[in-house]
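Visitor: I'd like to learn how to read a sheet and its ring contacts. Could you walk me through a case?

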Amino acid sequence: MAYHNTLVVLALMAIASFMAYATDPTQLQDFCVGVTDPNQALFVNGMFCKNPMEATPEDFFFKGLDIPRKPNNLGVNVTLVSAMQVPGLNTLGISLARIDFAPYGLNPPHTHPRATEVLTVMEGTLYVGFVTSNLANNGGNKLFTKVLNKGDVFVFPQGLVHFQFNVGNTPAVAIAGLSSQNPGVVTIANAVFGAQPPISVDVLAKAFQLDANVVKLLQSKFGMSS
């Protein structure tokens with residue numbers, strides 16, 4: 001009898017675990033501050049849902065991902081297809097991006113705080129990599145890199161710093177799948193040296209072991225006013 005009861009308990013725990021993992025365990029934005037007055041509730045963790053009877057095919061459709069986009073000054077352009085562009089993605093926990101690279105273009109070191117990324121190279125050759133979080137044994141960080149050619153796939157685990165660099169003298173294109181309807185992006189240099197209001201020069205100079213004037217120069221390059 002005790003053995004039978006144990007099996008029942010284990011079965012219930014397994015079902016509970018499955019149900020827990022079948023939902024999105026994390027937030028869909030940086031934060032969601034609670035309010036007691038519903039009239040002040042301007043945001044929700046995700047998006048409000050349309051009446052299913054009023055949904056249309058257009059809610060699940062995006063056109064034009066085949067069109068190349070003009071790269072920025074770093075030689076890259078990211079076209080994101082998330083719940084903001086395709087409302088039907090809301091609650092489904094997935095999004096997509098097309099990444100266009102100019103010759104020697106760089107998608108600089110960045111993170112996606114809410115998503116793992118699976119990158120597929122459609123054209124060109126990319127040098128890609130990610131860095132682990134601080135390792136337990138020595139506090140260091142391990143770099144994983146790979147040169148990808150057309151048809152190659154690489155995974156960037158959620159929240160880890162990663163990059164993509166076009167090492168060819170021709171344009172490159174990649175498609176990225178992301179495991180969140182709102183993956184978010186933190187571009188490291190912009191966040192550290194371009195935050196508004198700016199992070200203290202003293203803090204950055206000590207953290208990066210730089211002269212204060214070098215920090216100010218970097219802030220002038222990445223600040224919103226630059």
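Visitor: In what order do the strands of the open sheet come?

Guide: The general idea first: strands in a sheet pair through backbone hydrogen bonds, in a parallel or antiparallel way. In this predicted model, 5 strands make an open sheet, ordered S6-S5-S8-S3-S10, with antiparallel pairing.

Visitor: Which strands stand at the edges?

Guide: Those are S6 (143-148) and S10 (186-187). Each has a single partner strand, so one side of each lacks a neighbour in the sheet.

Visitor: And how many bridges join S5 to S6?

Guide: There are 6 bridges, and the two strands run antiparallel. To pick out one of the contacts, look at Val131: its bridge partner in S6 is Leu143.

Visitor: Now the rings. How many aromatic pairs are there?

Guide: Two rings count as a pair if their centres lie within 6.5 Å. By that rule you get 6 aromatic pairs. Take Tyr127 and Phe163: the ring centres are 5.5 Å apart and the planes meet at 50°, so this pair is tilted.

Visitor: Where do Tyr127 and Phe163 lie?

Guide: Tyr127 is in strand S5 (residues 126-131) and Phe163 in strand S8 (residues 161-166), so the pair ties together parts that are 36 residues apart in sequence.

Visitor: Is Phe163 buried or exposed?

Guide: Phe163 is buried, at a relative accessible area of 15%. Tyr127 is partly exposed, at 29%.

Visitor: Which residues do ring pairs link into a cluster?

Guide: Phe130, Phe144, Phe154 and Phe156.

Key
Residues numbered from 1 in each chain as written. Predicted model: local features only at pLDDT ≥ 70, side-chain atom pairs only at ≥ 80, totals over all residues. Heavy atoms only, no water. Phe/Tyr/Trp six-rings, centres within 6.5 Å; stacked < 30°, edge-to-face > 60°. Helix = DSSP H or I, 4+ residues; strand = E, 2+ residues; numbered from the N terminus. Buried < 20%, exposed > 50% of the residue type's maximum accessible area, 1.4 Å probe, protein only. Pairing = 2+ DSSP bridges.
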